[in-house]
Amino acid sequence: MSFNFQETQDTVKQFWEKNKIREKVKAKGKGKEQFYFLDGPPYTSGKVHIGTAWNKSLKDEIIRYKRMRGFDVWDRAGYDMHGLPIEHKVQEKHGIKHKDDIPGFGIAKFIEECRKFSVDNMKSMNKDFEDLGVWMDFENAYMPITEQSIESIWWLIKKVHEQGRLYKGKRPMTWCPTCASALAKHELEYEDITDTSIYVKFPLANDPKQFLVIWTTTPWTIPFNQFIMVNPDEEYVKAQVNDEVWIVAKELADHVIKDVAEQDYTINETVKGNALKGTQYTHIYHELLPQYQAMKDDNKKMFTVIPSAEYVDLSAGSGLVHAASGTGVGADYEVAHANGISSWSELDDNGHFEQTMGPFAGMRAKFQDEQLVEKYTEDGHLAGIEKYKHDYPHCWRCHNKAIFKTTEQWFFKVEDLKEKMLAENKKISWVPQAGFNAFDSWLSNLRDNSITKQRFWGTPLPVWHCDSCEEYDVLATRKEIEEKSGVKPRDLHKPWIDEATYSCACGGTKTRIPDVMDVWIDPGCASWYGLEYPTEEQRFKALFPADFILEGIDQYRGWFNVLMVCSMLAFGKRSFNACYVHGFVNDTHGRKMSKSQGNYILPQEVTEKYGADATRYYMIGAANPAIDMKYNFEDLETKFKHLLVFWNMHKYILDLGPGKTSEPGFEEQYILSRMHSTIKTATEAMDNYKLNELPGIVEQFLLDLSRTYIQLVREKTDKELVAATLATTYKAGLLLFAPVAPFFTEHVYQQLKEPLGWEEESIHLCGWPTFDQKSINEQLEQDVALAKDTIAAILEARDRARLGVRWPVQTVHITCSTEQEQAITRMQDLINVQTNVKELSFEHVQPNYDIKPNAKALGKEFGEKTGDVIGLIKKHTADITKMLNEEGESISIDGITLTQQHLNITIEAPEPYTLGTGANMTVYLDTTRTEALDQEGFAREVTRRIQQLRKKAGLVKADRITLEVVASEAIKTAITTHKADIMEKTGVTKLTFVEKITHEQKDETTIKGERLSIGF
């Protein structure tokens, strides 16, 4: 009965389905203490990738754990479905190149295609998750595309409106010209790019031979320049450059004029930046565009110098900052707003300069920087050009470069809520704790973000605006819409919702603002619309806020952010109490997985080779919270092999049967203590949401059960006690492992259920095991752990001596601390048996040392004298050896103080010893051989050969045999000396030395060159 993961999964799925196990597990917790798990909704734009599989495995682990602890778990799955990614997929499918082509295709048809694409992908993802063993409510998954969900989201918009926090504003936005859509702060990803930066000369209004020299990394924004900023506290020079005067920061003058412009200069005057305040200049293209004069007439601060200590520094550039508030979302906008300068940019949705922009009309912002630089150069406006590497925002959907443009959008007013949000963050338990700091930092810099997009597939903005006056209404339900308009829309999406219009009191007509809401609003409202609030008010009161959420490190700015913003606006408090944060999945070399690099892995590639359990087992424990996982197939292979060890244990238990308890020996006391301490550790880890720790905790216990306890009791005569102990401890290990490997543990449970009399129908109907503090013997566990370390060190020494463990050794000398010596003495019988050593000694063995200079460390400290110091070390190795033997920390030679850090030291065992090392201990195995030791070794080897032949013949332990032996004199002498022991261990009733083997079952071999033939 070998382990076949595919057969296991298929068998277990059929068992679960036939017996409705999942339903019974949910029913078992009904009415008990509630646990609200809020599923962070994955996007239904494509296949489940390995990162999502990791995410869902962690989620399933905590859900299964909480159910085993008796909780009534709310586990409704959720999906994100609206937005640009799906629009783009549908556009690609139907060959729709641009947003403007969608009405020609048919908006209703387009929306239906988006809906179908989303739902079909959701069904496919459901199956992928279920194949991983994830037990969540996929049948009733929450979706933002349903009428109930849309009304729940509209409920927030109306509430925000009633609070006076919904407003329409014209302001600069980060904009994706590829997606033709505004980008909120959390929708940006930054990449290092090398740009062409330029130094532009703006002439003073009263003297066209004097120039303010600005610097910018965005050449396309120059046509939209409105003012120039200086630092009022820094010094600026008026530098004579040929027949022109250039005004730049004094500190940067050499770089700008000599290095970049490659010109000589003299300083005519030095002034403080504040002295430049109000200096008027002329836009370099003022003669070509009438907009400049119109703006100047409107605000006298246009095209002047404005001081700003906050936004101007001398870390790069010229010390004069070009400002275009319509194409800058930070400093440009803030200073412009403070000075009454309106935001301005004339770009279309794809980033092209509009026809009103004269010579720039049709050019594309950012994407045609080089052509613009050529024009500025030809027109004589540049002082210089240089390459500059910096972080630049990109769209997180299409990954193309973003631009900045002024646009009219609807906003939530939230900046004044920051302090309350920061206070709420202190009430959240973050795993890791560093998550608190990361989220705190994000909230501290929170800005009002737009909530609207000029797209099609999204939750419609529920704002009806009059075409004659500025009045508008926010309608939050179908009922309100139908009562106002008399229209019953077929669906609440575009285009059907836009059929609902009604008269305004002023005589005009109110129509819905055509925008849809930014997709981030959907998951931001999931904490209540997933509970079907406000329709289901009782459920919401019982569950909200969520007890636990879990997502990746990118969600501080994403889902965690919008959950907080939306719940603060809706209820004035946080929407979750605890959060586990995981990292990204990288390949073995630490590179982010991507299709373009060819290192992308689909979950099926892993599960088809290793199975769902090994995949989950590996992934859940593969990385600490918030740390990226380096996906390593070697580590995965190791987990799979561990499953085989756990599987073989269950077969061993089946062979032993149920057993019966009696007075436990030291071995039972140890493994039962390990069981209780493991349950305690595992429970504490899971209660504190240290989800990644459970696989390792259980693994160590089950391996200990196999490699320590079973090894210790191989020869134990009380097999009833062994069987009972194994049944108890193995079951506890299975229960702890059930949230990690649900198929494997179920299959093994079913195999053992009847033979061992286990009552529950399924392992997942069992409760989480409990621990007894009184049964935990920490000293015994520590002693055994030290004994195992000592055994490993001795076996290492055996390997070096090429001396197998069946060949007894007289003495091993151990160098260790006094505390370790006491523990090893307590465990010496165990160590002696496991290593086949007659005697453990703590008598000191003087090691030899191979001492060489550490050239790197020496060079760092002694520099040019390194060669001389190396010579001293080679000359004084005897003195250094004495220092090491006396455990000294340093030695002084000819006035030079040397420590062990200056040396490369290799410990070598003197004759006749070989060396083994453990944690803070060294063992010296005496390789001296005697005739008695060799005879015992031969006897053990003969015993093993007989047992192998018995196994080959299919005999069981109770079967008795008569044995014929043909052997060399050395082996014959060993057999004669240890005859009784050999016969007892191998079930031999009669052992005869013969000239030739006559029996059918026989084997011929050599042991250390000595001939042996056996037969029975």
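Which residues does Phe737 touch, not counting residues up to four places away in sequence? The model shown throughout is predicted.

**View 1. Phe737 and its contacts in the largest nonpolar core.** Leaving aside residues up to four places away in sequence, Phe737 touches Tyr617, Leu643, Phe646, Val698, Phe744 and Thr745. The largest nonpolar core has 158 residues, and Phe737 is among those that touch the most other members. In soluble globular proteins, nonpolar side chains tend to be buried together.

**View 2. An open sheet with antiparallel pairing.** Its 4 strands follow the order β20-β19-β22-β21. β20 (472–474) and β21 (502–503) are at the edges and have a single partner strand each, so one side of each is left without a neighbour in the sheet. Strand β19, residues 463–466, runs antiparallel to β20 and is joined to it by 3 bridges. In one of these strands, β20, Tyr472 is the bridge partner of His465.

**View 3. An open sheet with mixed pairing.** Here 4 strands are arranged in the order β29-β28-β35-β34. At the edges are β29 (837–841) and β34 (913–918), each of which pairs on one side only. From one strand to the next, the twist averages 25 degrees. Strands β28 (residues 809–815) and β35 (residues 921–926) run antiparallel and are joined by 4 bridges. Opposite His813 stands Tyr924, in β35.

**View 4. Helix α25 across the sheet strands.** Helix α25 is formed by residues 778–801 and lies across β28, β29, β34 and β35. Relative to β34, helix α25 runs at about 145 degrees.

**View 5. Gln820 in helix α26.** Helix α26 spans residues 818–826 and includes Gln820. Is Gln820 buried or exposed? The relative accessible area of Gln820 is 14%, and a residue counts as buried under 20%, so Gln820 is buried. Not counting residues up to four places away in sequence, Gln820 touches Leu786, Ala919, Asn920 and Met921.

Definitions and conventions:
Residues numbered from 1 in each chain as written. Predicted model: local features only at pLDDT ≥ 70, side-chain atom pairs only at ≥ 80, totals over all residues. Heavy atoms only, no water. Pairing = 2+ DSSP bridges. Helix = DSSP H or I, 4+ residues; strand = E, 2+ residues; numbered from the N terminus. Core = buried A, V, L, I, M, F, W, Y, C linked by side-chain atoms within 4.5 Å. Buried < 20%, exposed > 50% of the residue type's maximum accessible area, 1.4 Å probe, protein only. Contact = heavy atoms within 4.5 Å. Axes fitted to C-alpha atoms, helices over the stretch in contact; angles between N-to-C directions.
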